[in-house]
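Subject: Structure handover

Dear colleague,

Here is the structure I said I would pass on. My notes on what turned up in it follow below.

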Amino acid sequence: MAFVTASWNPLGDAFYRKTELYEMSWPLRDGLRDSLVAAAPYGGPIAILREPQRRSPSSRPHLDIYSASGLSLASFVWKSGTVVQLGWTVSDELLCVQEDGKVLIYDLFGSFKRHFSLGQEVSQSQVLEAKVFHSPYGSGVAIVTGCGRFTLTTNIDDLKLRRLPEVPGLQGAPCCWAVLTQDRQTKVLLSNGPDLYVLDNTSCTAVSPPGLSPEAGSILQMSVSFSYKYLALFTQTGLVWTGTSNLQAKLCEVDTKMRSAPKQMVWCRRPRAQQPSVVLMWERLLLVAGQCSDTIQFPLDSVSVLVPELDGVRVLSGSHQELLQEVPLVSQEIFKIASMSPGALLLEAHREYEKLSQRADEYLREIKEQCVLAEAVRQCVEAAGHEWDCVTQKALLRAASFGKCFLSDFSPEPFVTICRELRVLNAVRESSVGLPLTHTQFKQMTVQVLIDRLVHRRLYPLAIEVCRYLKIPEFQGVSRVLRHWAECKVQQTDLSDEAVARTVCAKVGDSPGVSYSHIAAKAYESGRPELAIKLLEFEARSGEQVPLLLKMKRSQLALSKAVESGDTDLVFTVVSFLKNEMNRGDFFMTLRNQPLALSLYRQFCKVEESQTLKDLLNQDDDHDGLGNFYVSAAFKEPRLDGRLASLQNAVDEYNKAKNDFNAKATEEEMKLLKFQRKLDEEKGAGLQGLSLQDTMEALLNLGLYKHAEQLCRDFRVPDKRFWWLKLRALAEKHDWDELDKFSRSKKSPIGYLPFVEVCVKNHNQNEAKKYLVKVSPEQRVKACLLLGDLEGAADAAIERRNEAELGAVLGRCPASNRQLMDRLQRAAAKK
Amino acid sequence: MASQRRDAPPLPDVSVLKRVARDQLIFLLEQLPGKKDLFIDPDLMSPLDRIANVSTLKQHEVDKLYKVEHKPIVSVAEQLCFLIRPRIQTVTWICDLVNSDKALGRVRRYKIIFTPQKFFACESVLEERGVFGDVSCDQWDFHLLPVDDDIISLELPEFFTDTFLAGDQRWVRTVGSSLHLLHSLFGPFSKVYGIGRIAKMVYESFRTQLQTEETRTKGDAQIENVFIIDRDVDLVTPFCSQVVYEGLVDDVFRIKCGCVEFSPDVTASDKSIKVMLNSQDKVFSEIRNEHFSNVFGFLSQKARTLQMSYDKRRGMDIKQMKTFVSEELKGLKQEHRLLSLHIGASEAMMKRKTKQDFQELLRTEHSLLEGFELRECISFIEEHISRQVSMMESLRLLCLLSLTENGLLPKDLRSLKAQYLQSYGFDHLLTFSSLKTLGLVQEQHTAETLSAMETRVGRLVNDRTAGKLTEAISSLAKKSNFRALSRKLNLVPKVEDYDLRVPKDMAYVFSGAYIPLSCRLIEQVLDRESWSGLEEVTRLLNGHEFNVTGSASSPGADSQRRVLVLFLGGCTFSEIAALRFLAREKGLRIITVTTAITNSSRILESLVQRN
């Protein structure tokens with residue numbers, strides 16, 4: 001650790017360091033020679049296709065997939081067409097772009113997932129070059145064809161191919177090109193000899209980089225930074241021009257003094273970098289060019305590949321892998337020789353302290369005098385995050401912890417967080433795992449994605465450990481890992497269904513957020529329906545089982561599970577699925593066994609398919625229901641004949657149901673309807689649709705007494721009702737003669753009080769008095785009171801000696817009529 | 001009436017439900033940026049008005065408001081938004097609209113907001129009519145409307161018919177979610193009691209949601225007790241005439257979401273006035289729970305004190321007058337206005353009620369409840385029907401007769417039905433079929449059918465047991481469930497002169513003639529903290545009772561004295577008044593949650609409309 005700065009190389013104000021990440025554990029005989037290599041950023045996996053040009057069936061190219069540390073994940077012989085380019089998606093999938101425009105997708109372990117094509121015209125003109133790029137929309141692919149046309153898609157998971165416009169004068173591949181993402185648009189930047197063009201969806205625009213002298217010659221190589229913000233160009237004359245990618249501003253120009261085009265040129269920056277710099281690679285040379293005229297040069301002893309990262313460049317060779325990056329400012333301040341920064345002093349103080357030297361105190365005091373102890377701790381904490389070497393990490397963290405002791409109100413949060421995170425990072429950096437993530441990258445990719453990556457690599461135990469250690473809520477952490485594990489487990493064909501189900505259940509248990517139905521769905525997808533059924537049994541929420549059961553064509557089971565769940569929406573989903581799946585008879589039978597489903601479907605049919613409703617009732621032999629169905633159908637019939645026919649059907653059904661009352665009532669309704677029709681035709685009475693009572697009333701009002709009486713007889717209307725009705729109708733018409741005649745026709749079944757009532761109501765006191773004599777003694781008092789005949793009422797009441805009636809009369813008696821009052825009171829007292 | 005006991009805890013703040021609903025609605029409206037016309041289901045008008053008024057809607061770029069009328073529309077807007085209940089008819093109408101626009105080559109954006117939830121059945125209609133892609137669907141989780149401080153309504157009147165008549169349980173989950181929402185706002189609940197088949201299902205749905213969703217209950221429980229009851233456990237109560245003021249106003253004028261429209265004969269002017277009826281209304285809050293016979297006295301008393309307050313201003317100097325005008329006058333005027341409205345309403349109700357021989361009607365009802373003079377009651381109903389007094393009232397009495405007698409003799413039933421059909425038309429055949437399904441109007445097990453059963457069973461057993469059997473069967477024939485329940489629970493108080501001014505039990509809500517069965521059950525269970533000792537009662541109610549006890553908070557906490565009563569299928573204002581009385585007596589706070597405020601005519605109309 002004393003030699004931290006030994007690997008530092010100064011360039012302008014900044015330093016660059018090369019840290020060895022791994023000694024590659026792969027057994028590559030020829031290194032990376034003659035191979036297509038793709039390594040994913042963020043310490044992703046590496047794919048190597050050796051001798052991709054070989055086509056003869058006897059010696060096909062070989063595709064290998066390794067972890068970043070060189071552990072073999074998959075290896076197989078490439079049997080498809082000629083591959084032009086390999087690339088990785090953000091979700092660790094390998095894209096193999098073939099010459100014929102087909103793109104094959106494999107997972108980390110080399111199993112084929114799917115493929116897509118980049119268009120018909122591409123297969124004729126052949127893909128010359130291809131690039132895989134990442135943008136906020138996902139992972140995309142861009143190609144250039146033999147006729148110099150570009151096609152690209154920004155997201156392979158939501159495939160939309162875009163054919164870019166023609167570039168004037170371009171035959172075949174351009175000199176060099178790059179994909180840019182700007183203003184939410186993906187563009188292609190290309191150079192063709194001395195000309196530079198930007199291609200977007202609709203146009204091809206010639207551009208020129210600001211400040212690039214025309215003598216610089218044509219552009220041989222270009223590179224866009226990780227964030228798409230910066231652009232670097234390498235010209236024929238060995239100049240490296242850097243500027244913003246929108247070609248608005250120039251950063252600087254450096255002469256590399258090299259004439260040949262570099263094999264690779266990539267940006268080497270970090271967030272908040274001190275200077276923009278690019279790394280260029282030739283056969284035997286690695287060169288870092290920054291803002292000053294100087295460059296750093298490293299010799300290369302074997303074929304290498306540069307992998308751009310968020311905060312540096314990984315240099316991958318046949319035997320080693322190194323990280324080349326700008327030294328972070330905080331590390332510089334601490335480790336720079338003779339640095340007097342607070343962090344450097346604190347580190348020194350702690351070193352002395354460990355040596356039990358009193359100079360520790362001197363250093364500390366110096367820091368404290370400047371009041372920068374907090375700053376010192378912060379620096380050490382931050383610098384620890386940037387170190388790869390565990391010993392250095394520890395030294396820095398110990399120093400920070402030491403300094404912290406002398407601070408009273410310093411939040412422990414950053415210190416604790418960095419300790420935890422470094423622990424996790426050190427674990428995943430292990431060669432056996434092979435995820436060489438820097439702290440900056442880790443922060444950028446988030447712990448969620450890290451867990452995903454571990455899961456993709458099937459490192460389930462480690463992923464669970466990480467989740468537990470970082471205290472990630474179970475729902476997003478452990479459960480998620482378990483779900484992936486289980487989904488992977490059910491695909492292992494070497495185990496019996498029984499064994500898999502048992503293992504899965506034992507491990508997953510009741511973890512929240514793990515859905516057995518998802519696992520079962522996976523099992524079904526991998527062709528193990530029996531296992532799927534077994535797993536579904538563990539699913540606690542019956543509703544979750546339904547979709548898969550439907551997919552597996554276990555419709556009956558699905559229906560009963562849906563009913564069990566109590567979710568009517570789900571039940572209806574299954575019902576409508578069954579409706580299309582089954583023949584009508586079976587469908588109805590199925591419904592019959594599930595009353596809930598049946599009633600739901602009935603509700604639906606009532607509105608949407610009334611014919612089906614009828615069939616349903618028929619199936620059930622529900623004759624009462626059918627009767628009701630026909631009755632309500634009758635009311636919807638606009639024409640009387642139709643209505644009568646429907647009612648006749650109803651009568652038949654009611655008879656079948658032995659519902660005499662309804663049958664008879666319906667028959668009578670038909671009779672009434674016919675009667676009404678007759679009268680409507682004869683007299684224009686407008687009776688259609690009235691109730692029996694209203695019909696009679698209408699007839700009486702029209703003076704058709706005979707017809708009303710006929711109705712009364714035909715329908716056996718109780719006398720009382722008819723009397724009431726006729727009485728009221730006559731009085732309302734003021735047909736007093738007819739009323740008189742009516743009163744004499746026979747003895748009134750409702751008594752004569754109502755006669756008095758209706759007359760009074762229609763303001764004919766004289767007529768009312770006529771009926772008073774006929775009123776029975778019990779009602780006499782009431783009748784007299786109605787007429788306002790107090791004397792009469794009093795007489796009747798006294799005669800009957802009824803206390804209540806006496807009271808009633810007394811209550812109506814005005815105070816002025818003393819005589820009557822006395823009489824009544826006397827009568828009451830007598831009683 | 002007696003004021004709240006001093007140890008009763010305050011009511012929790014239920015208005016938070018309104019804010020939650022409004023925020024979500026605004027969010028949904030903003031999902032469709034730009035000007036749009038809004039079509040609203042007629043029965044959502046009033047609830048919506050409580051949540052967001054027109055100006056709020058206008059703020060979120062709602063241009064014109066229309067009622068959904070199932071007719072072609074006149075709107076010319078580019079964007080149409082439909083706020084509807086998830087009903088197939090309405091969705092079909094929207095489909096026709098979209099398709100006719102398409103035929104005319106007209107391009108618009110359509111958005112349907114279903115509330116309280118969207119149903120797959122509705123979406124499948126969209127799909128079948130080929131407009132699924134043209135319309136975007138959303139869901140406004142507007143489950144609960146706080147109608148007053150202690151009443152929360154789901155505003156789902158169709159719950160009753162859908163659930164109990166059609167056997168369609170699609171609302172169960174909705175209610176379960178509502179309970180879940182209440183749980184997360186006011187819970188955790190520690191004691192849940194319930195009775196009824198649907199109550200059990202609602203509880204189950206609630207429990208599953210509790211398990212599967214991450215529930216956060218903030219802080220301590222505010223309400224710990226919950227009582228869930230199915231409407232069909234007690235159908236008698238809603239079929240009794242309401243005589244407490246609030247109930248009567250509802251019967252006569254119809255209260256919609258705590259708002260009533262008083263017709264011109266009440267307001268003594270030429271236009272009708274909409275009035276909010278809730279605890280904010282000082283006059284109303286004092287009379288709402290009173291028996292109607294007390295209301296007049298109270299109102300005149302109130303008028304006198306009001307006059308006195310006005311009179312104070314005589315003999316005031318300028319300064320006093322100034323404070324009087326600025327501080328008191330406005331309140332007095334407001335109170336004056338309300339007072340005159342309520343007096344007007346009382347008069348109007350009095351007029352209507354006396355016109356229909358209300359007293360006689362009440363007497364018949366009371367006889368039915370007590371089981372006296374059955375023949376007289378039947379002939380009263382007969383006359384009621386044949387004179388066409390009122391279609392709904394006749395039906396109500398019929399239901400009450402059948403419910404209290406546990407069905408009618410076949411002969412009586414046939415004749416009453418025939419009379420009814422003659423009076424009000426044959427289409428009521430279907431109404432009777434619905435009433436039968438609901439058990440509202442049924443045929444009694446006749447003595448003949450019973451004796452037939454008896455002889456059949458008698459042949460199988462020896463003579464001694466046969467004797468007992470005969471006894472048992474004949475007792476079955478005589479006693480109706482309601483009678484037995486009434487005896488077991490003492491539903492009909494045996495007091496001669498019931499003082500309605502100083503009521504001593506919940507029977508006052510029905511003039512001292514009957515204690516609502518539902519409220520009595522709640523009282524008994526809360527007293528016992530379980531169903532034990534009520535086995536006989538629950539057997540008569542067909543079981544389905546349950547209680548779940550969780551860990552309670554420290555004894556004596558306010559939350560333990562708060563009770564949430566959930567009525568599945570609606571409850572009446574009389575029941576709410578009875579529960580308020582109960583709460584006052586026991587020092588509790590009862591919050592009534594109901595699928596809808598109901599009364600006999602609402603229930604019956606929903607059955608008649610179905611035809």
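Please keep in mind that this is a predicted model. The notes begin with the interface between the chains, then go through the sheets and a few local features.

Interface between chain B and chain A

The contact involves 39 residues of chain B and 41 residues of chain A. About 3300 Å² is buried between the two chains, and carbon and sulfur atoms give 57% of that area. On the chain B side, B:Phe120, B:Gln422 and B:Phe426 supply 22% of the area that chain B buries against chain A, more than any other three residues.

Polar pairing across the interface is as follows. There are 11 residue pairs in polar contact between chain B and chain A, counting pairs with both residues at pLDDT 80 or more. The count of salt bridges between chain B and chain A is zero, while the structure holds 54 salt bridges over all chains.

As for which elements of chain B take part, those that give two or more residues to the side touching chain A are helices H4 (88-103), H5 (120-128), H7 (170-186), H15 (374-386), H17 (410-424) and H18 (428-438). H17(B) gives the most to this side, with eight residues. By class, the side of chain B that touches chain A has 13 nonpolar, 13 polar and 13 charged residues.

The axes of helix H16 (residues 568-581) of chain A and H5(B) come within 9 Å and cross at roughly 35°. From H16(A), the contact is made by A:Asp569, A:Phe572, A:Thr573, A:Ser576 and A:Lys579, and from H5(B) by B:Phe120, B:Ala121, B:Ser124 and B:Glu128. The residues of this contact divide into three nonpolar, three polar and three charged. B:Phe120 of H5(B) is also one of the three residues named above for their share of the area that chain B buries against chain A.

Sheets

In chain A, four strands form an open sheet in the order E11-E12-E13-E14, with antiparallel pairing. Strands E11 (127-135) and E14 (162-163) of chain A each have a single partner strand and stand at the edges, so one side of each is left without a neighbour in the sheet. E14(A) is joined to strand E13 (residues 150-153) of chain A by two bridges, and these strands run antiparallel. A:Thr151 has A:Arg163 in E14(A) as its bridge partner.

In chain B, an open sheet of three strands has the order E10-E11-E12, and the pairing is again antiparallel. Its edge strands are E10 (255-256) and E12 (273-276) of chain B, each pairing on one side only. Strand E11 (residues 259-262) of chain B pairs with E12(B) over four bridges in the antiparallel sense. Within E12(B), B:Met276 stands opposite B:Cys259.

Local features

A:Glu653 and A:Lys656 form a salt bridge through their side chains, at 3.6 Å from N to O. Both residues lie in helix H21 (residues 640-656) of chain A, three residues apart, which is about one turn of the helix.

Two backbone points may be worth a look when you open the model. Most residues other than glycine have a negative phi, and most peptide bonds are trans. A:Leu356 has a positive phi of about 60° although it is not a glycine, and A:Leu356 lies in the loop between helix H3 (342-354) and helix H4 (359-369) of chain A. In chain B, the peptide bond from B:Thr115 to B:Pro116 is cis, with omega near 0°. B:Pro116 is found in the loop between strand E4 (109-114) and H5 of chain B.

Regards

Terms used. Residues numbered from 1 in each chain as written. Chains lettered and ligands numbered in written order. Predicted model: local features only at pLDDT ≥ 70, side-chain atom pairs only at ≥ 80, totals over all residues. Heavy atoms only, no water. Contact = heavy atoms within 4.5 Å. Buried area = accessible area lost by both parts, 1.4 Å probe. Salt bridge = Lys/Arg side-chain N within 4 Å of Asp/Glu carboxyl O. Polar contact = N/O pair within 3.5 Å; in protein donor to acceptor, adjacent residues only side chain to side chain. Nonpolar A, V, L, I, M, F, W, Y, C, P; charged D, E, K, R; others polar. Pairing = 2+ DSSP bridges. Axes fitted to C-alpha atoms, helices over the stretch in contact; angles between N-to-C directions.
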